[in-house]
Amino acid sequence: MSSQPSRAPEPPALSLTERRKAATQLDIARAAADLFTRYGPDGTTAEDIARGAGVALRTFYRYFRNKQDAVGPLLAAGGERWRALLAATAPGTALPEALEKAIEEALSAPDEHAAEGLRQTRALLRAAVDDPALRAVWYRVNQESEERLIPVVARLAGPGADPLETRLAAAAATDAIRVALETWAKSDAAVDGPGSPAALAVRCLRQLMGGMGPLFATETN
């Protein structure tokens, strides 16, 4: 395995139209999450979400198939952030260390904005327990995150890495975060300290990586 993996290439800049589309989708996602938190999915309609986001109902359905689908961009935002943190890892960093550091930073709550984001995720995961459609969105977001993580892990691992181990690393990291958030959502633990998403995710990652192949060695070759 190469000890000097190349840095991830910069993503192409979004056009003005793409930025506006992404902003509208996120506005709708935030409105949906707020309404789900207050009234639950059953007590919320697509019309309510569109009204809360300040868009027409036809605009809502231009971007989303149903009301549960609307929270997808919000649930996916955390994965996008932590993949970016992982991609920015210094060359030569051992993969377990890189994964752990990126996960810990992505799930930390250094300010109230980050803390509120975690609490909103907790509310959505609690609502998903009794809503199969909302659970399906959560699982889809995690599957897509895992697939997008594979090339990031592959770049860090280097050209000699076993593709199977690369895939396992991406799966382990994604599941560590998913299980940690789901476990935390069932508890009343704080957003930081013991029992927090970051602490649980690091614990899950270490458990999942134990006994795996050379790619998961604590030192680079």
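Q: What makes T174 and R178 contacts of N142, leaving aside its neighbours within four places in sequence?
A: In this predicted model, contact means heavy atoms within 4.5 Å. Leaving aside the neighbours of N142 within four places in sequence, T174 and R178 are in contact with N142. N142 itself is found in helix α7.

Q: Why is N142 called buried?
A: The relative accessibility of N142 is 11%, and buried means under 20%. N142 therefore counts as buried.

Q: What makes the pairing of E182 and R178 a salt bridge?
A: The criterion is a side-chain nitrogen of Lys or Arg within 4 Å of a carboxyl oxygen of Asp or Glu. For E182 and R178 the N to O distance is 3.1 Å, so the pair qualifies as a salt bridge. The two residues are four apart in helix α8, a separation of about one helical turn.

Q: Why is E182 called partly exposed?
A: E182 has a relative accessible area of 22%. Buried would require under 20% and exposed over 50%, so E182 is partly exposed.

Q: How do you know that R119 and E116 form a salt bridge, and where do they lie?
A: Their closest N and O atoms are 3.4 Å apart, and the limit is 4 Å. R119 and E116 are three residues apart in helix α6 (residues 112-128), about one helical turn. R119 is partly exposed at 33% relative accessible area, and E116 is partly exposed at 41%.

Q: How many salt bridges does the structure hold, and which residues are linked in a network?
A: The structure holds 12 salt bridges. R65, D69, R140 and E144 are linked in a network of salt bridges.

Q: Why is α4 called roughly parallel to α7?
A: The axes of α4 and α7 come within 10 Å and cross at roughly 15 degrees. Angles under 35 degrees count as roughly parallel, so α4 is roughly parallel to α7. The contact includes W82 and R83 of α4, and W138 and R140 of α7. The crossing of α4 past α7 is right-handed.

Q: How do you know that the span of helix α5 is close to the expected one?
A: Helix α5 (residues 95-106) has 12 residues and reaches 16 Å from its first C-alpha to its last. The expected value, at 1.5 Å a residue, is 16 Å.

Q: Which elements do the buried residues of α5 pack against?
A: They pack against α4 (72-87), α7 (132-157), α8 and α9. Among the buried residues of α5 are L95, L99 and I103.

Notes:
Residues are numbered from 1 along each chain as its sequence is written. This is a predicted model: local features need pLDDT of at least 70, side-chain atom pairs count only at pLDDT 80 or more; totals for chains, interfaces and linings use all residues. Side-chain values use heavy atoms; hydrogens and water are left out. Buried means under 20% relative accessible area, exposed over 50%, partly exposed in between (1.4 Å probe, protein chains only). The expected span of a helix is 1.5 Å times one less than its number of residues. Axes are lines fitted to C-alpha atoms, for helices over the stretch in contact, and angles run from 0 to 180 degrees between N-to-C directions. Angles under 35 degrees count as roughly parallel, over 145 as roughly antiparallel, 65 to 115 as roughly perpendicular and the rest as oblique. A crossing is left-handed if the near helix is turned anticlockwise from the far one by less than a right angle, and right-handed if clockwise.
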